[in-house]
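Let's take a friendly walk through this structure, one neighbourhood at a time. Please keep the sequence and the 3D view side by side as you read.

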Amino acid sequence: MAQERILLIDDDEGLLHLLKMRLTAMGFHVVACATADEALNEARNEIFDLAITDLRLTAKDGLDLMDELLLIHPVLPVLILTAHGSIPNAVEAMQRGAYGYLTKPFEDTELSLTIEKALNQRRMRREINQLKVLVKELHGLENVVAASVPMQALLQQVVQVAETNATICISGETGTGKEVIARLIHCNSRRAREPFVAINCGAIPESLFESELFGHVKGAFTGAYEAKRGLLQTADKGTLFFDEIGEMPLSMQGKLLRTLQEREVHPVGTALPVKVNLRIIAATNKELGGLVKKGVFREDLYYRIHVVPLTIPPLRERRADIPLLAHHFLKLNAQIMNKDIHGFLPQAMQKLMLSPWRGNVRELENAVEKAVVMATQDMITPDLISYLDHVPDGQLKPLTAAREDFERGYLKDVLEFSRGNISRAALIAGRYRADFYKLLKKYRLHPADAKNAKPEDQRFE
């Protein structure tokens, strides 16, 4: 891995030299600058992984310098060095976009830990971006939308498991994008140039399942006028994706287990085995452990495919992704339909954010497509947004409990989306700041509980 580059700014040349030595000893490539103008010139000409600047600079305030650095590199982590008496200014810097601050004097250990945390966040973002680019190049898929914390964590898991040969089981509700994640894993693996073959276990009649999966020789059964390669052989050297594996007939599960154990296929009509080298990824919208207890899914097959479990959260648990997904689908459909639509009215976006999306991303995609079809203006209006609002039998709650559950979940989602910024969260919710605080107190929520929250005035009024 190439040395990570740090831009260091301090007008105290003695401290600048000392810090450069300490950072270089930690293994970083350091560009040291004594003035803000010099630092900005370096930032325009080179890419840095981290910037460290003193809060008080002679010619230019450190906060103003940070603002200009972020205009050049919006995702650049910036650490602020501050004296003890300047901590309120450092907190202000974090509200304006700084990653964090260090109070002078500080130990090497504290400096190293803070830098490592900042760089880890950047490394994760870089890995996810590389994955997005690779997927687009290899499979023609659009960039993965992953603004929410749960999806970023999932994509980080994808990066970790993709390079291995481990069997993976992806679980998630209908419409969450299980096949998309399976393709991501394939496209970021050593098998990326080989076939990705998908089989929907619920769409194949039981009488044809064995022939489809294992293939057959000529004359194996009535109507077998020629030999046929099965999906297992078609996916040789690549990845075979079993969608809705819980729907696989019990009679086929034992034969699949044998194939996974021996890595060889027996086409229908012959005893001669054919060796296969492939990776298995399974997906289900059911709880396979429950199917095992009911006797409709083999326990030994369950353990064979459940080596690395991945779970895709439903859309209602990652509402921070809704605006990005909605704009992505809007742009895609507007291009296809040759319509000039610029975006969503605030009321329409609020309706999207509040919708239950029981059909998850697939339902959201359909809703946006329908809105684009029906749109007669250059903005999507709330009357064009429709969604399924039915509740399955037996799952109705009393009105008060249902309202409280919704409000608590909605407040958590808004806090996460706003990264703990109360002013922004209250604006999204359409409430005065004081009223929003009262709701948080009612449900014992705190802005600091939001993942990725930034420090701000969090006192309850």
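Setting aside residues within four places in sequence, His186 has contacts (heavy atoms within 4.5 Å) with Arg191, Ala192, Glu194, Pro195, Phe196, Gly238 and Thr239. The model you are looking at is predicted, so local features need pLDDT of at least 70 and side-chain atom pairs count only at pLDDT 80 or more, while totals for chains, interfaces and linings use all residues. Residues are numbered from 1 along each chain as its sequence is written, and side-chain values use heavy atoms, with hydrogens and water left out.

His186 belongs to helix α7. Helices here are DSSP runs of H or I with at least four residues, strands are runs of E with at least two, and both are numbered from the N terminus. With a relative accessible area of 2%, His186 is buried. That word stands for under 20% relative accessible area, while exposed stands for over 50% and partly exposed for anything in between, using a 1.4 Å probe and protein chains only. How many of the 10 residues of α7 are buried? Eight are, so the helix is largely enclosed by the rest of the structure. The buried residues of α7 are Lys178, Ile181, Ala182, Arg183, Leu184, Ile185, His186 and Cys187.

Helix α7 also has a helical partner. Two packed helices are described by the angle between their axes and the distance between the axes. Helix α6 (residues 149–162) and helix α7 (residues 178–187) have axes that come within 8 Å and cross at roughly 40°. The axes are lines fitted to C-alpha atoms over the stretch in contact, and the angles run from 0 to 180 degrees between N-to-C directions. On the α6 side, the contact is made by Leu154, Leu155, Val158 and Ala162, and on the α7 side by Ile181, Leu184 and Ile185. An α-helix has 3.6 residues a turn, so residues three or four places apart point the same way. The crossing of α6 and α7 is right-handed, a label used when the near helix is turned clockwise from the far one by less than a right angle, with anticlockwise giving left-handed.

From α13, the residues Ile322, Leu325, Ala326, Phe329, Leu330, Asn333 and Ala334 take part. They meet Val361, Leu364, Glu365, Val368, Glu369 and Val372 of α15.

Now for some loops. Thr381 sits in the loop between β16 (379–380) and α16 (399–417). Is Thr381 buried or exposed? Its relative accessibility is 12%, so Thr381 counts as buried. The side chains of Thr381 and Asp383 are joined by a polar contact of 2.6 Å, meaning a pair of N or O atoms within 3.5 Å; within protein, one must be able to donate a hydrogen and the other to accept it, and residues adjacent in sequence count only if both atoms are side-chain atoms. Beyond residues up to four places away in sequence, Thr381 touches Leu345 and Ala348.

The backbone has some points to look at too. Lys104 and Pro105 are joined by a cis peptide bond, with omega about -10°, and Pro105 lies in the loop between β5 (100–103) and α5 (108–139). Lys237 is not a glycine, but its phi is positive, near 75°. Lys237 lies in the loop between α9 (231–234) and β10 (239–243), and is partly exposed at 46% relative accessible area. Arg263, also not a glycine, has a positive phi of about 55° and lies in the loop between α10 (250–262) and β11 (264–265).

To finish, step back to the whole chain. The protein chain has 18 helices and 16 strands, and 45% of its 461 residues are buried.
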